[in-house]
Amino acid sequence: TMDIKVLQKDMIAAMKARDKARKESISALIQAVKKAGIDAGCRDDIPEEMVNKVILKELKTVKEQIDSCPADRTDLIEEYQARYDVIAKYAPKQMDAAEVKAYLEEKFADVIATKNKGQIMKAVMADMKGKADGKVINQVVAELCK
C-alpha cells in the first residue's frame, strides 16, 4: 500500500536528481491523490486505500494513452511509457489470471458452481477490487463458466 508521504519524498528526490520526467509523473500522481482526498473530504488524512485506487486509475489512463497513440509517434509513446513505468512502481501488485483463478476457486466455489456469469461477477467484483484488473477477472470468470 502506498502513502502520499512516500510520493512527496520521492518527488523531492527526483527534483534534486534533476529527473524532470520522473518528477512530473510523481507530481501528477500527488495532484490526483490530493484531488481525490479533497473530493472525499479527507484532504489532510488520505487513506492508503484511496491512494492505491488513484494510482491504479492513473496507471490505467496512461496505459490507454499508450494503446491509443499512433505508432509513428514514438516520442509520445516513449513519454507515456516512461510515465507508466514510474506510476507502476507505486501501484499495488495486481494478481495475474492464474492467481485470480485459484483465489476464486477457493473463495467462491459455491457461486462458480452455478456457472451463472452475471451472478459470479456480481459476487466477486467487490471482493476483487484493486486486487486484479477487471478484464483479467472477466476472462477468468468466463473460463470458469465454460
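**Briefing: cysteines, pocket and cores**

The count of disulfides is 0, a disulfide being a pair of cysteine sulfur atoms within 2.5 Å. The model is predicted. Its largest pocket has a volume of about 1100 Å³, and its largest nonpolar core holds 26 residues.

**Cysteines**
- C42 has a relative accessible area of 18% and is therefore buried, the limit being under 20%.
- C145 is buried as well, with a relative accessible area of 18%.

**Largest pocket**
- The volume of the largest pocket is about 1100 Å³.
- The lining of this pocket comprises 32 residues, and those closest to the pocket centre are L56, K57, K60, Q94 and D133.
- At least two lining residues come from each of α2 (20-39), α3 (48-68), α4 (74-90), α7 (117-128) and α8 (134-144).
- α3 gives the largest share of the lining, with 13 residues.
- By residue class, the lining has 14 nonpolar, 14 charged and 4 polar residues.

**Nonpolar cores**
- In the largest nonpolar core, of 26 residues, the members touching the most others are L7, I26, V33, V51, I55 and Y90.
- α1 (4-16), α2, α3 and α4 each supply at least two residues of this core.
- α3 accounts for the largest share of this core, 8 residues.
- Another core, of 17 residues, lies apart from it and includes L104, F108, V111 and M128.
- In soluble globular proteins, nonpolar side chains tend to be buried together.

**Contacts of Y90**
- Y90 is in contact with M2, L7, D10, R22, I26, L29 and I55, leaving aside neighbours within four places in sequence.

Note on methods: Residues are numbered from 1 along each chain as its sequence is written. This is a predicted model: local features need pLDDT of at least 70, side-chain atom pairs count only at pLDDT 80 or more; totals for chains, interfaces and linings use all residues. Side-chain values use heavy atoms; hydrogens and water are left out. Buried means under 20% relative accessible area, exposed over 50%, partly exposed in between (1.4 Å probe, protein chains only). On a 1 Å grid over the protein atoms alone, a cavity is a set of points where a 1.4 Å probe fits but cannot get out, and a pocket is an open set with protein on both sides within 12 Å along at least five of seven lines; lining residues have an atom within 4 Å of a point. Grid points are joined across faces, edges and corners, and a volume is the space filled by probe spheres set on the points. Helices (H or I, at least four residues) and strands (E, at least two) are DSSP runs, numbered from the N terminus. Ala, Val, Leu, Ile, Met, Phe, Trp, Tyr, Cys and Pro count as nonpolar, Asp, Glu, Lys and Arg as charged, and the others, Gly among them, as polar. A nonpolar core is a set of buried Ala, Val, Leu, Ile, Met, Phe, Trp, Tyr and Cys residues joined through side-chain atoms within 4.5 Å. Contact means heavy atoms within 4.5 Å.
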